[in-house]
Amino acid sequence: MNQKIKAALVGFAFCGATSLATAQRDYQSYDQLTARLQKLSSKYSKLSTLTTVGKTATGKEIWLLTLGRDNAVNKPAIVIAAGVEGTQLATTELAVQMAEQMLQAAVLQDSVRELLQSKTFYIFPNLMPDASEQYHEKLRWERSANAQPIDDDRDGRMFEDPFEDLNKDGLITMMRVKNPTGLYRPAKEDPRIMVKADVSKGEKGEYLLYTEGIDNDRDGKWNEDPEGGVVFNRNFTFDYPYFQEGAGEHPISERETKAFADFMYDARNVYAVFVLGPANTLSQPLAYDKGKASKRIINGLLEKDAAVNDQISKLYNNTTQLKNAPKAAPSSGDVLQWAYFHYGRFSYSTPGWWTPKVSAPKDTVNGKAAVAPSEHEDVNFIRWAEANEVVGAFVDWKRFKHPDFPDQEVEIGGFAPYVRQTPPVRLLAPVAQKHFEFFSAYAKWMPSLQIVNITSEKVAGGLTRITADVLNQGSLPTHSEIGDKSRWVQKVKVTLKLENDQKLVSGNKIQLSNALGAGEKFQVTWLVNGKGYVTVEASSPTAGSQSKGVNLR
Amino acid sequence: MKKRFFPVALVASLLAFCGVQTSRAQTPEQVFRAAGTPHNPKVSVSWNRYYDYAGITQICQQLAKAHPDLVKLETIGDSYEGRRLWVLTVSDFKTGDPLRKPAMYIDGNIHSNEIQGAEFALYTVWYLAENFQDNRFIKELLQQKTFYIIPTINPDARDNFMHKPNNAHSPRSGMMPLDDDGDGLVDEDQPDDLNKDGHITFMRRKSPNGRYILDPQNPLRLIPAKPDQPGTYELLGYEGLDNDGDGKVNEDPIGYYDPNRDWGWNWQPDYIQRGAFKYPFSLPENRAVKDFVLRHPNIAGAQSYHNNGGMILRGPGAEEDQNTYNRDDNQVYDLLGKYAEQVIPGYTYMVVYRDLYSAFGGELDWFHGARGIFTFTNELMSPYLQFDRKTASGQEREAEQYDFNKMLLFNDAFVEWEPFDHPTYGMVEIGGFKKNYPRAHPGFLLEEDAHRNMAFTVYQTYQLPQLEIREVQTRKLSNGLTEVTATIANNRIIPTHSSQDLKYKIERPDYVSLKDQSIVAGLVMENADLNLGKEQKQNPSRLEIPNIPGMGYVKVRWIVLANKPDLTIEVDSRKGGVVTQKF
């Protein structure tokens with residue numbers, strides 16, 4: 001296939017996409033995203049609401065888009081949290097596209113309308129707008145921290161060693177310095193890509209590698225204290241990385257993290273949290289580790305919750321058919337682990353998009369043979385980027401006379417900032433669609449409390465014995481096993497409601513049950529004195545509620 | 001004449017009630033000074049009783065008004081129910097910015113039932129201010145150091161403790177309503193003051209099924225029946241009803257969360273550390289204190305008063321945190337702790353996780369772990385203060401309380417048993433110790449113990465870094481260069497950076513600057529005699545010193561292109577203060 005036809009086909013398939021020349025800036029700024037969310041929520045005003053949970057240091061709103069018909073706070077909810085890492089702009093785009101698809105579908109399809117009637121989706125499209133905005137600034141560098149000033153290297157000087165755009169291309173890329181003490185060498189498959197030299201295999205380092213800039217404070221480190229900030233995904237309480245860069249002074253120290261956590265603790269109805277972020281626990285589930293799960297400070301999934309992670313991972317892989325996901329473990333202070341270990345909810349994470357495997361070209365007209373994937377992720381990425389005509393992904397290395405290295409050969413170049421996490425937006429629609437399908441399937445599996453086998457039987461002396469089974473008809477537990485330990489997760493609650501002249505003789509008015517697994521039941525029984533009608537209500541903020549009445553005998 | 005009466009008139013104009021007296025039975029001329037006590041204070045406070053939030057506020061305001069050059073009153077934020085949290089800055093304001101002097105932080109009453117910390121803290125302010133003129137030691141201390149004192153960091157529940165029915169242990173929490181029993185309802189089954197006496201005491205019932213009998217020595221007291229002896233009473237717990245009809249009595253009281261499990265060091269959630277709230281500093285009072293501490297990097301020592309048991313506690317709070325307290329820091333703690341044992345008889349210097357219990361997210365852990373501040377918690381009111389006996393078993397201790405109540409308080413601390421017709425239990429008796437005993441000091445012990453504990457905090461403050469430019473030497477080199485070597489000493493036992501601070505670079509380095517304009521090079525010396533040093537290439541006129549150790553020194557050296565360099569030297573340390581001297 002020649003290039004022209006290929007380009008035409010791409011253009012045809014994604015006719016809505018902007019021209020390729022501007023594709024590299026096609027992610028939305030805070031203002032654009034705000035306008036898009038406002039438009040969306042007013043267009044679907046009966047199905048969605050746009051609110052804010054707080055403001056950032058620069059006064060940007062932390063938007064929350066709620067999907068669901070009426071009374072959203074009283075329905076079991078799924079949280080989708082995106083933009084937790086600042087550089088992952090694609091997660092924000094995915095979250096919003098998914099919301100758009102869901103709302104569109106709700107107008108057309110009964111099943112989706114029903115879904116939004118029984119469940120609530122809390123979507124946080126961008127939890128760190130101050131960080132992601134750097135993508136749109138005049139000088140583009142990969143900023144993962146918010147705009148709360150912090151002394152990254154804790155030396156008493158703030159922002160004393162920022163980046164400098166030495167080659168004046170508006171991008172902060174890398175500098176490589178030819179030096180025999182360097183740890184890096186050009187990759188064999190592509191000499192533009194710098195990889196670590198493996199000394200144990202007899203390889204020799206040839207280059208020192210730094211980010212682009214000057215050592216302003218002459219401490220032998222380049223750009224170690226730029227502007228910023230605390231990273232949302234490093235500021236949570238579980239395994240908090242004290243004194244590490246981007247962690248902040250203490251857990252939940254930031255406007256963004258505090259606003260998010262405060263909302264979450266108030267939202268008793270949150271059943272599960274899905275983070276669109278760096279870790280991936282959906283393509284491959286976290287394994288159960290008895291040692292970790294039974295420590296005083298529990299740091300592994302409890303057994304039943306690990307089984308559910310397994311179940312959800314299968315669902316994810318089956319519905320999305322997304323393959324070749326790189327392994328990405330949870331990290332210290334992240335929101336994913338907080339949501340499970342400290343917030344007590346089921347919690348999962350996926351980057352949503354990752355570099356697809358470059359498939360070998362089917363035609364070998366130009367004499368090209370199939371290329372085996374490289375062991376170096378960056379090599380695979382640039383192959384993919386070039387095959388998909390990602391414009392401006394790489395800045396070719398160019399010589400630069402660097403004042404910090406007067407007699408050495410310095411070149412500036414490398415990947416453009418953000419490029420590895422911002423695929424052309426045109427590629428995201430199908431990914432969003434697959435995740436929408438996954439969430440629809442997931443929501444159908446969610447727990448559902450039913451009262452069954454309710455009976456009233458006459459006992460001597462004007463007493464009636466009432467018995468009922470409270471059954472979880474869903475395919476997932478009513479809440480997590482760890483939730484049973486947490487005061488922030490409401491247990492399944494069964495209440496007997498009596499009239500004034502009725503009297504409870506035996507059994508507690510309110511009965512609580514730990515998590516009910518799929519198909520599990522909880523039997524309740526009371527002895528009541530009196531006449532008339534009584535009501536039994538089973539309820540859980542995460543599994544819904546049902547009431548049934550019965551006559552006293 | 002006029003001068004003397006002015007402060008009295010001023011005080012009078014402020015007064016509405018409480019222990020600050022408007023009129024005096026004695027004139028200063030009639031008073032003979034008892035050693036160590038201000039005999040003619042501008043603000044008169046009775047230190048044998050307790051003050052509620054309004055009372056504390058008034059004393060704070062009066063102290064600030066009466067001593068404008070020594071005491072400043074500010075607010076650090078609001079409590080959950082909207083009360084101002086007061087901080088008093090105590091220092092000689094005429095001898096420099098309090099923020100640039102090494103500082104001691106003191107608070108009290110984080111647990112709302114542990115009330116006397118507030119009075120102890122206030123006593124400290126009062127004592128320092130009222131003694132400033134007459135006592136050279138205090139005068140010098142306030143010239144060199146600063147105190148930041150927050151009498152109560154839990155004012156909401158302090159007032160609840162005092163004005164609503166409670167027992168000696170309730171509330172320990174703050175006033176935020178929470179669901180404790182998981183039924184979705186908040187604070188729906190609190191204790192009930194059935195006999196309307198303002199105290200939550202105990203319920204007991206005469207019953208052949210009970211395993212208790214009356215103590216023949218003291219009929220107010222129940223003791224367990226011997227294994228082979230029939231009982232006559234059963235204990236039914238604290239005064240209360242099953243308000244929500246769930247078959248449990250008093251199971252969802254005020255709170256419950258523990259403000260001292262809410263701090264941002266090794267914080268753990270409620271299922272691991274009971275009492276933890278949502279996340280570190282999720283309580284507004286603690287968040288305000290945390291912000292205050294971050295805004296005052298000169299704080300180098302701290303004390304957080306609790307009760308009870310007569311302990312001088314240091315961290316770590318949890319066994320998992322042992323490595324946070326290393327040898328160098330522990331040496332400082334040990335020196336201070338031993339001093340405290342001497343000035344407060346009956347108190348024991350202890351480590352929380354090892355000698356008391358294991359707790360995550362405590363205030364002292366955050367102060368030390370996250371801020372590198374040498375911090376103690378004194379558990380006020382020692383059993384030793386009751387009778388002069390140090391070694392009593394738990395059983396004896398309990399009996400001792402009844403004896404003490406009878407012999408020294410003439411039964412004032414006890415609600416005598418009275419019958420009550422209880423809707424669930426039938427005829428019961430209600431009685432027991434009042435909420436002001438035995439955790440809170442009886443009045444006559446309050447001032448003494450406040451003084452002793454204050455003396456310890458004063459000593460800790462005295463031992464905060466005291467920097468001195470001890471010596472400056474010059475030596476001519478060739479080519480018109482001069483070598484300047486300065487010795488900077490710390491004359492106290494607390495270093496400018498604890499080793500926890502050094503390890504994680506919590507506070508910036510100390511700066512030592514030479515004001516001469518022609519500095520060619522600057523070095524921080526490892527050994528000045530052997531000429532071993534490390535050159536600081538960037539900005540050599542202001543050398544950065546990681547730490548000036550306790551009772552130690554550092555040497556710095558400059559090479560200057562001048563025959564007669566300007567030998568003005570400035571030492572600027574966040575926790576060690578600022579010293580400037582021209583040689």
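Modeller: A crossing is called right-handed if the near helix is turned clockwise from the far one by less than a right angle, and left-handed if it is turned anticlockwise. The model is predicted, with local features needing pLDDT of at least 70 and side-chain atom pairs counting only at pLDDT 80 or more, while totals for chains, interfaces and linings use all residues. Residues are numbered from 1 along each chain as its sequence is written, and chains are lettered from A and ligands numbered from 1 in the order in which they are written.

The pair is α3 (residues 89–108) and α11 (428–445) of chain A; helices (H or I, at least four residues) and strands (E, at least two) are DSSP runs, numbered from the N terminus. Two packed helices are described by the angle between their axes and the distance between the axes. Here the angle is about 60° and the axes are 9 Å apart. The axes are lines fitted to C-alpha atoms, for helices over the stretch in contact, and angles run from 0 to 180 degrees between N-to-C directions. The crossing of α3(A) past α11(A) is right-handed.

Contact between two residues requires C-beta atoms, placed from the backbone, within 7 Å. From α3(A) the contact takes in A90(A), E93(A), L94(A), Q97(A), M98(A), Q101(A) and M102(A). Facing them in α11(A) are L428(A), A429(A), V431(A), A432(A), Q433(A), H435(A) and F436(A). The contact has nine nonpolar, four polar and one charged residues. In this scheme Ala, Val, Leu, Ile, Met, Phe, Trp, Tyr, Cys and Pro are nonpolar, Asp, Glu, Lys and Arg are charged, and the others, Gly among them, are polar.

The loop between β12 (410–415) and α11 of chain A holds Y418(A). Although not a glycine, Y418(A) has a positive phi of about 75°. Y418(A) is buried because 22 other C-beta atoms lie within 10 Å; the classes are buried at 20 or more other C-beta atoms within 10 Å of the residue's own, exposed at 12 or fewer, and partly exposed in between, with C-beta atoms placed from the backbone.

Another loop of chain A, between α5 (129–132) and β5 (174–178), contains G156(A). G156(A) counts as partly exposed because it has 16 C-beta neighbours inside 10 Å. Leaving aside neighbours within four places in sequence, G156(A) is in contact with D151(A), R508(B) and P509(B).

In chain B, D187(B) lies in the loop between α5 (155–163) and β5 (202–206). Phi of D187(B) is near 45°, a positive value in a residue other than glycine. With 17 other C-beta atoms within 10 Å, D187(B) is partly exposed.

Chain B also has two cis peptide bonds to note. One runs from N307(B) to N308(B), with omega near 0°, and N308(B) sits in the loop between β9 (299–307) and β10 (311–314). The other joins G315(B) and P316(B), with omega about 0°; P316(B) is in the loop between β10 and α7 (327–343).
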